Amino acid sequence: MNPDRFLGLDPTPGDLRAADEVTKVLRSCVVALSEGRRRVEHTARPDGLWQGAHAAAIVDTLTAYAGRLRALEDAVVDFLQAWQQWRHGIAGRQDETAALVEAVTQLVDGPVDSADPRREALLRQAGALRDRHQIAADQTGAAAEALIAATTVDQEGRDLPVDLQRGLLALEAAVEQWLAESAADLRHATETISSVTKLTAVVPQLVGVAPGSDASPEALRIAAAAPGSHRLITALHRGTPERPAEELSDASFASEVRAEGALADRVRGAPHAGDLEGETA
Amino acid sequence: MASTSQPFGIAGELEQLSGGFAILEAALAGLSSSLHGLDVQDTGPEDVVATFAEAMERLERILENIGSQAADAATVMRRFARDQPVGAFHEDGGDAR
């Protein structure tokens, strides 16, 4: 069908296959932005590991960064919706164009008369159709302008790429600050608690080498008072899979290896320093 | 020992942070070339397709930007994790590093 030939114009230009390709790519963009944004949000979730005063700056910067990604994602979704509407409209209006071409063709098959009022009426319909198509195109163009704006500046009118970069630099600074203030506390607390026999339930949880076990109320009490307490409590409450029984060695009096460490400590269940080192190396 | 559980401990938390940005970067990878390959010239009237093209170009550029920044952030967080004296442990006992 060549509308130009019969109507003197193509009232509804638009390649459906090209439009479908744009839809496909835009959907991929939305999925990718959503997946990436949700991953960043997951890291900063309220029940996550980044808790406490020292980690507040990290959570704040992650949340702000995820917010910027969300705004961009919303802008792409808005444009995608406008684009899908445009694509759907093209198909309907091109059907109307086809019907007009068909009607003109029927006239051409008869006596050719440029002053034929029926032909003029069909051309007027084609003009009106072109105007409707143009209005829809302009609306989609406005949606494209909105997307251009959303990919250029953020909601506060600041340059978006620069703003995103600043957000990540702020995150790096917050992590460095956290390492300086909090990590040392946690290391210190771990070393201190490792010398307390009654907290043997805590140490394996912290270093992650032992099966999960319910911490005693006393362990929780001491952990609550320790530096980096929220982190210790998180570790205490963490459920871990049980180690398969077959990994445990069989008890035997025939062993030639003599156990080291004070007998009293071993009876109480205190791990010998060498035990932990061996497991965590 | 290979492990599929979430790492924890100081370095483990940094590894998780790094992983978040690595996933963001991976999710965006390839989109730039898809957007770059789009031909919108025939998708509508001549006077608006230029705007469509510009929107796609801007989107391509910002996604490329975010992907590249996320890759950098993942590298920095991984470096922080690597510099930690305490390792990144898994809940089931595996060392994450």
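**Where chain A meets chain B**

Hi everyone, let's start with a crossing: helix 4 of chain A passes helix 3 of chain B in a left-handed crossing, meaning the near helix is turned anticlockwise from the far one by less than a right angle. Helices here are DSSP runs of H or I, at least four residues, and strands are E runs of at least two, numbered from the N terminus.

A word on the source: this is a predicted model, where local features need pLDDT of at least 70, side-chain atom pairs count only at pLDDT 80 or more, and totals for chains, interfaces and linings use all residues. Residues are numbered from 1 along each chain as its sequence is written, with chains lettered from A and ligands numbered from 1 in the order in which they are written.

Back to our pair. The two axes, lines fitted to C-alpha atoms over the stretch in contact, come within 9 Å and cross at roughly 25 degrees. Helix 4 of chain A and helix 3 of chain B are therefore roughly parallel, a label for angles under 35 degrees. Among the residues making the contact are A:Gly141, A:Ala144 and A:Leu147 on one side and B:Phe52, B:Ala55 and B:Leu59 on the other.

Now, what does B:Leu59 touch? Leaving aside residues up to four places away in sequence, B:Leu59 touches A:Cys29, A:Val76, A:Leu147, A:Thr151 and B:Leu35, with contact meaning C-beta atoms, placed from the backbone, within 7 Å.

Finally, chain B itself: along the sequence, chain B reads β-α-α-α-β, with 3 helices and 2 strands. Thanks, everyone!

Methods
Two residues are in contact if their C-beta atoms, placed from the backbone, lie within 7 Å. Axes are lines fitted to C-alpha atoms, for helices over the stretch in contact, and angles run from 0 to 180 degrees between N-to-C directions. Angles under 35 degrees count as roughly parallel, over 145 as roughly antiparallel, 65 to 115 as roughly perpendicular and the rest as oblique.
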